[in-house]
Amino acid sequence: MHATLQSIGPVTPEQAMALTDAAHAAVGGMAAFDIEVGPAQAIHNGLVASLYPEEALSDLYGALRDATEGVLGADILGSRPQRPWPHMSLAYSNCRWQDEDFRRALVKDVRPKRARMTVAQVSLVDQQQDWRSRYSWTTISTIPLGTASNLGAGDSGGGR
């Protein structure tokens, strides 16, 4: 499972390497942390699960945002949200739907619980989308949390 922290648009291979190095320096020293996922909720275009505690994820987001701005500049990312909304997308709707009916069913009938997970890594991915039908992505680099920040350029820390 994954949660998207930020989208940055297409990058060159050189930028991807620089982003990997900057992100590793920014989050390699952060310890892995536990979160709670859920419950599931309907929104205007799909189903999501909120992530808690928001503070830990906001700190991770802030560190990655700062690292990204250091490589690509602040203009490419647009304005920084006052308060990030950490969430995990579970499903998207590819048509208009009445999310209020689904919201009521989730609360009244299903009553989904929260699940515990550990955030132990962040990944830079190349995401592709066939309009409103399917997402696919290729991992460019993965940075385990709690690792030393002195890896060489493009080294994702695998096997260490």
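Among contacts between residues at least 6 apart in sequence, what share join residues at least 24 apart? In this protein, the share is 69%. The model is a predicted one, and the paragraphs below walk through its parts.

Start with the overall layout. The protein holds three helices and six strands. Along the sequence, the order of elements is α-β-β-α-β-α-β-β-β. The protein has 160 residues, and 29% of them are buried. Its accessible surface is about 10,200 Å². Carbon and sulfur atoms account for 51% of that surface.

Now take strand β1, which covers residues 33-43. Strand β1 pairs with two partners. One is strand β2, residues 46-52. The two run antiparallel and are joined by six bridges. A hairpin of two residues links β1 to β2. Find Ala 42 in the model: Leu 47 of β2 stands opposite. The other partner is strand β4, residues 115-119. Here the pairing is again antiparallel, with five bridges between β1 and β4. Phe 33 faces across to Val 119 in β4.

Two peptide bonds in this region deserve a look. Most peptide bonds are trans. The bond between Gly 38 and Pro 39 is cis, with omega at about 5°. Pro 39 sits in strand β1. A cis bond also joins Tyr 52 and Pro 53, where omega is about 0°. Pro 53 belongs to the loop between β2 and α2.

Which residues of α2 are buried? They are Glu 54, Leu 57, Leu 60, Tyr 61, Gly 62, Ala 63, Leu 64, Arg 65, Ala 67, Thr 68 and Leu 72. An α-helix has 3.6 residues a turn, so residues three or four places apart point the same way. The buried residues of α2 pack against helix α1 (13-27) and against strands β1, β2, β4 and β5 (121-130). After the helix comes Gly 73. Its phi is positive, near 90°. Most residues other than glycine have a negative phi.

Turn next to the surface. Tyr 92, Val 125, Tyr 135 and Trp 137 make a nonpolar patch of about 390 Å². Tyr 92 is part of strand β3, residues 87-92. Is Tyr 92 buried or partly exposed? Its relative accessibility is 49%, so Tyr 92 counts as partly exposed.

Finish with Gly 146, in the segment after β6 (134-144). Gly 146 is exposed, because its relative accessible area is 53%, and the cut-off for exposed is over 50%. Which residues does Gly 146 touch, once its neighbours within four places in sequence are set aside? The contacts are Val 27, Gly 28, Met 30 and Ala 31. Ala 32 gives another view of this meeting point. The C-alpha atoms of Gly 146 and Ala 32 are separated by 6.3 Å, yet these two residues are 114 residues apart along the chain.

Conventions:
Residues numbered from 1 in each chain as written. Predicted model: local features only at pLDDT ≥ 70, side-chain atom pairs only at ≥ 80, totals over all residues. Heavy atoms only, no water. Pairing = 2+ DSSP bridges. Helix = DSSP H or I, 4+ residues; strand = E, 2+ residues; numbered from the N terminus. Buried < 20%, exposed > 50% of the residue type's maximum accessible area, 1.4 Å probe, protein only. Contact = heavy atoms within 4.5 Å. Patch = residues over 30% accessible without salt bridge, like charges linked within 9 Å, V, L, I, M, F, W, Y side chains within 5 Å. Areas by Shrake-Rupley, 256 points an atom, 1.4 Å probe, with all protein chains shown as cover. Salt bridge = Lys/Arg side-chain N within 4 Å of Asp/Glu carboxyl O.
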